[in-house]
Amino acid sequence: MKSLKAVIGFLFLSLVLTVDLASAAEQEQEQDIYKKRMDLYTQVEAVTQIPWYYLAAVDQYERNVRQARKDLPKAEGIAGIYFKPEEWAGLLNPNPEDENPVSIQFFNGIGFDGNGDGKASRKDDEDVVHAFAQYLLKYGTDHENIKIGLWSYYKRDKTVGIIIGKAMIYKHFGRLDLDTHVFPLPLRSIHSYNNTWGDARGWGGRRIHEGTDIFAGYGVPVRATGYGIVEMKGWNKYGGWRVGIRDINNTYHYYAHLSGFAKDLKAGQIVEPGTIIGGVGSSGYGPPGTSGKFPPHLHYGMYKDNGYTEWSFDPYPHLKIWARKERARLKN
Ligand SMILES: [Zn+2]
């Protein structure tokens, strides 16, 4: 009996160790991918003079879009930009899988041989990022012309805004590894929340409740949950004083019913996990300044953009994970 227990104990221990090792290996692999990507972007910058953070932003935007959509294949290499075969080879090219740079150019395809191996391949990360950089290069290498280039490519203001926002975030921090999150309220504050997403009614003022309500006292600090850029700050009839922050994964984080904003907080500002943006309040449901029509709480919403539309998804499981990981980090 004793030995059975020992065996079970051993099996359990080795399972735990294996899981631990796996996550350590995964983390290492992640760091490795960030490094390879950064090398790729800086290499293309050296050739084209297009700053790496714009290339990183386009690449990350497209990677996110592919993750969110079923009609696009998932990225296989380290680059995330996706070109349709006919876009790559040229619309009138009889061979949509063409990899010959000469005929691709003849048919006005976007395909480009970036690594000089004589082939312009959609499956080659260098060729893919170089191809996009070459497209932008037709417009110029400064901020305004890159914006114009992006607009002529995507023809969607929101997409251009999201990409430019990401570029500013990457530029600010000088690195790609920006995935850490924290819980929106200080972990030690007194707060409570349940999974209320999709409920018929809520203080968000929408037909279904698009978020999680976190109840806490007036003025408890509200923190940015991740790296991002402040996209919106102001008053809305239902949301009261609210802030919207876009992160590097095309996700929009919405903080509503605030008691007020952090001093100097402004649209366009870059934030990091833990940056204080305001306080818990009960503003909303009336003209600017209306407050106290319901118990103070933070309404936290999350929205995902997939390149042509944006939808709400449930923040609750994310809030749980962020709190757990933040707690684990604080212990170490
Ligand atoms: Zn709410």
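Colleague: How many residues lie between β4 and β5 in their hairpin?

Modeller: The β4 and β5 hairpin has 3 residues between its strands. Strands here are DSSP runs of E, at least two residues, and helices are runs of H or I, at least four, numbered from the N terminus. This is a predicted model, where local features need pLDDT of at least 70 and side-chain atom pairs count only at pLDDT 80 or more, while totals for chains, interfaces and linings use all residues. Residues are numbered from 1 along each chain as its sequence is written.

Colleague: In which sense do β4 and β5 pair?

Modeller: Antiparallel, over 8 bridges, with β4 at residues 228-236. Two strands pair if DSSP finds at least two bridges between them. V243 in β5 is the bridge partner of K233.

Colleague: Is β5 mostly covered or uncovered?

Modeller: Strand β5 (residues 240-247) is mostly covered, with 8 of its 8 residues buried. Buried means 20 or more other C-beta atoms within 10 Å of a residue's own, exposed means 12 or fewer, partly exposed is in between, and C-beta atoms are placed from the backbone.

Colleague: Which strand do 5 bridges join to β5?

Modeller: Strand β6 (residues 251-261), running antiparallel to β5. R246 has Y252 in β6 as its bridge partner. In the hairpin of β5 and β6, N250 takes a positive phi near 60°.

Colleague: New topic. Which residues touch the most other members of the largest nonpolar core?

Modeller: L55, A57, V129 and Y255, in a core of 66 residues. Such a core is a set of buried Ala, Val, Leu, Ile, Met, Phe, Trp, Tyr and Cys residues joined through C-beta atoms within 7 Å. Helix α2 (residues 52-68) gives the largest share, 9 residues.
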